[in-house]
Every structure is written in structure tokens, then in C-alpha cells.
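Please open the structure in your viewer and keep the selection tool at hand. The tour below moves from stop to stop, saying what to select and what is found there.

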Amino acid sequence: MAKRPTRKPFTGKHMTLILVAGFTVIVGVNVLMATLASRTFGGIVVENSYVASQKFNTWLDEARREEALGWQVAVARRGDGRLQLELTGAPEDAQVLAEARHPLGHKPDQALTFTRGSDGTWASDAVLPEGRWTLRLRVETPDGAIWRTERAVL
């Protein structure tokens, strides 16, 4: 008669290894997900969602009026670190203001004003530090027209 192979008994060490391995996977996945979430979430969208909901239709109306103006903008970073805008459709006497926000809030917001150059482009008054920024532009004309938009600056 052939001898049956003997199995080693399942001991507390085996169970401990299984539990440690399982919890290591769980904790590792949680750390990975938390790290990815904190690196990709841009922060608060609105301070108070109830108040924002009350203003939503007004915001839609403003957006439609701004879109009807037909203005366009292209943003580029110049070699000296300042921003350059090519603003088409806006009158020459418009005033251009902007707020540069760091997506994760690691750097403080930067207020920028723009001056129109002889070539028709607009240049920022200050240097914007290197990195990824969200530029919130506001263009105002003397007759009261307002146009707002956001652009990513890398």
C-alpha cells in the first residue's frame, strides 16, 4: 500500500501570515487612493452649495450673455515668466484682470493685471511662478460688458 503524503498542520503562524498579508494589501490600497485623491482634487468648488444653487440660473444667464459676445483668448507663458494673451473680439479699451490659482492651493493666489502692447497682445504686469495654474480672466469694457473665462497655464 502506497504511503499518503502527510500535510503540515495549519497553525497560528499560517493564520497570522494570512491576516498580515491581507491587511497590508488593504492599507496599501487605501494609502495609494488617498495619495492620488489629494494630488488630483483641486479643492473647494464653492464655499456654500446652498447659496450657489440659488444663484445658478443667474450664472447661466450671465454665461449666455458672455458667450454671445464671441470673444476668444489664447494664453501663453513668455520667456520672462509673464503671461501673454491674444484676445480677439474685445474692444481696444477693455480692461483685463486675472487671478491665477494654484490647483491644489500649494501656492498663494496671484492677482494679475494686463497691459495692451503695440502688437495687440496683452502682457501681465507680474511674473507668474513656474508650475500649473488656473487663470481666471475677467475682461471689462467701459460700456459695462463683462466677459469671464478660465484657462489652464502650464
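A polar contact here is a pair of N or O atoms within 3.5 Å, where within protein one must be able to donate a hydrogen and the other to accept it, and residues adjacent in sequence count only if both atoms are side-chain atoms. Helices (H or I, at least four residues) and strands (E, at least two) are DSSP runs, numbered from the N terminus. This is a predicted model, in which local features need pLDDT of at least 70 and side-chain atom pairs count only at pLDDT 80 or more, while totals for chains, interfaces and linings use all residues. Residues are numbered from 1 along each chain as its sequence is written, and side-chain values use heavy atoms, with hydrogens and water left out.

**Helix α2**

Select asparagine 48 at the start of α2, where one of its side-chain oxygens comes to within 3.0 Å of the backbone nitrogen of tyrosine 50. Then select residues 49-69, the helix α2 itself, and stop at lysine 55, where α2 bends by about 50° (the angle between axes fitted to the seven residues ending there and the seven starting there). Just after α2 comes glycine 70, with a positive phi of about 75°.

**Strands β1 and β2**

Next select β1 (residues 72-77), which runs antiparallel to β2 and is joined to it by six bridges; two strands pair if DSSP finds at least two bridges between them. Valine 73 has leucine 87 as its bridge partner in β2. The two strands form a hairpin with five residues between them, and glycine 81 in the turn has a positive phi of about 90°.

Which residues make up the covered face of β2? They are Leu83, Leu85 and Leu87, whereas Gln84, Glu86 and Thr88 form the uncovered one. In a regular strand the side chains alternate between the two faces of the sheet.

Terms used
Buried means under 20% relative accessible area, exposed over 50%, partly exposed in between (1.4 Å probe, protein chains only).
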